[in-house]
Amino acid sequence: MPITGVYFIPAHPNATTALGNVTERLCSAFPDEELLPLGRWTLEQKLMRDTPGLLPASSNPNQRPSKPRYMQFLSLSHYNNHDFIYTSEPAEKPFHPPNAASPTPSATPAVGASPTPVPGGAGTTATGNSNDTTISPMVMTTVPHSSYTTLFQHFTYACQPFWCHRLTVGVQNGVFYDVGDFGVRLGDVRQTYPTNRVRGTVVEIEWRGSSVIDSLSRGDTPGSGNSNADADSGVDVSFPLSALEESDIDAELAATASLIREFWARLGIEGAREAILVPGVGSEIKERLLRIKNKGHITRGTGNSSGNDAETSLAALKTDSAGSAEDDPDPQAGADVARQYMEVLRFNR
């Protein structure tokens, strides 16, 4: 699960996109690097939004308007074993058991009081979308590629009273470049539903240097020489897996985000929407590490851990990744970059 950042450069419907400009800036900003195309890539995103309620809007000025709820279906060609669904969590509603006594006046919340945030949500704001208002917390899941179209059709037809298909956008014939320690995916974003139009250019910047997170995802032992370790990368992956904590993951995400932002700043392109440290990034790798530790594969604080701790933990990691789907070696791969794409491509209509 490489660490990435996504930038979206909007374009007017009848204007030229920034794709050619970004390619030229890459060549001029990195003259010592040979800009090598490694292949093509594609993207498709379908956006659904909850339908308005049948009841008329409240005339109470103290009542806040309901937050919009979204469901996004995303398919990425560089993660072809599964696709991604990112949806708003349902609003938390108070539960009153049958025959329960009425609450006392002192326990009744004040009118207009803010509801308690839903725990475990991915976030409450849409990063990088200037036309988005506050939205409900989001939750990510992956589905087998063979189920992607069937699930979307189910929500389109069977759930039509609750969800409305708002738009479909995609990237066709995008290009993936190798630029030193970074991989850069470029492509024009075109809307195909409900009307055909150009939306802009998307740029995914992937850190390809040494990374503890990527090593865990690929099953390499940090510091063993099996990963793409680079001594000059500025990211320390020499400590053993048994010493890894969630704070180390957060620190590496922040450090790599700075490297990605420095890379983007060298291009000198203005007016782009950024999605790097969006809500929920890193949650899958943290959950995986926690499951491994809860299973007792990592011994901490005993002072007598053997040199095989990292190998044992990584074997458990591979088993945990492959256990949920025989044909999918890592069902959670790409969840972070999927969140980033969905944040910048959540266009309101």
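## Burial and overall make-up

Of the 349 residues of the protein chain, 45% count as buried, where buried means under 20% relative accessible area, exposed means over 50% and partly exposed lies in between, with a 1.4 Å probe and protein chains only. This is a predicted model, in which local features need pLDDT of at least 70 and side-chain atom pairs count only at pLDDT 80 or more, while totals for chains, interfaces and linings use all residues. Residues are numbered from 1 along each chain as its sequence is written, and side-chain values use heavy atoms, with hydrogens and water left out.

The protein chain has seven helices and nine strands; helices (H or I, at least four residues) and strands (E, at least two) are DSSP runs numbered from the N terminus. Its accessible surface comes to about 18200 Å², with 52% belonging to carbon and sulfur atoms; these areas come from the Shrake-Rupley method with a 1.4 Å probe, and for residues only the protein chains shown count as cover. Among the contacts with a separation of 6 or more, 76% are accounted for by residues 24 or more positions apart, a contact being heavy atoms within 4.5 Å.

## The nine-stranded sheet

Nine strands form an open, antiparallel sheet in the order β5-β4-β3-β2-β6-β7-β8-β1-β9, two strands being paired if DSSP finds at least two bridges between them. The edges are β5 (138-144) and β9 (273-275), each of which pairs on one side only. From one strand to the next the twist averages 20 degrees, with axes taken as lines fitted to C-alpha atoms, for helices over the stretch in contact, and angles running from 0 to 180 degrees between N-to-C directions. Strand β1 (residues 4-10) is joined to β8 by seven bridges in the antiparallel sense, and T4 has E206 in β8 as its bridge partner.

Strand β3 (residues 70-76) is mostly covered, since seven of its seven residues are buried. In a regular strand the side chains alternate between the two faces of the sheet. In β3, Y70, Q72, L74 and L76 point one way and M71, F73 and S75 the other way, and all are buried. Seven bridges join β3 to strand β2 (residues 36-50), again antiparallel, with R49 opposite Y70. On β4 (residues 82-88), β3 pairs over four antiparallel bridges, M71 having T87 as its bridge partner, and the two strands form a hairpin with five residues between them.

Beyond four places in sequence, V202 touches V6, Y7, F8, W41, V171, R185, L186, G187, V189 and Y341. In the loop between α6 (309-322) and α7 is A333, which is buried at a relative accessible area of 14%.

## Local features in and around β6

Most residues other than glycine have a negative phi, and most peptide bonds are trans. N173, in strand β6 (residues 163-179), has a positive phi of about 60 degrees although it is not a glycine, and at 57% relative accessibility N173 counts as exposed. A cis peptide bond joins Y193 and P194, with omega about 5 degrees, and P194 lies in the loop between β7 (182-193) and β8 (197-207).

T168, also found in strand β6, is buried with a relative accessible area of 4%. The side chain of T168 makes a polar contact of 2.8 Å with the side chain of H165; a polar contact is a pair of N or O atoms within 3.5 Å, where within protein one must be able to donate a hydrogen and the other to accept it, and residues adjacent in sequence count only if both atoms are side-chain atoms. Neighbours within four places aside, T168 is in contact with E44, Q45, K46, R190, Q191, T192 and Y193.
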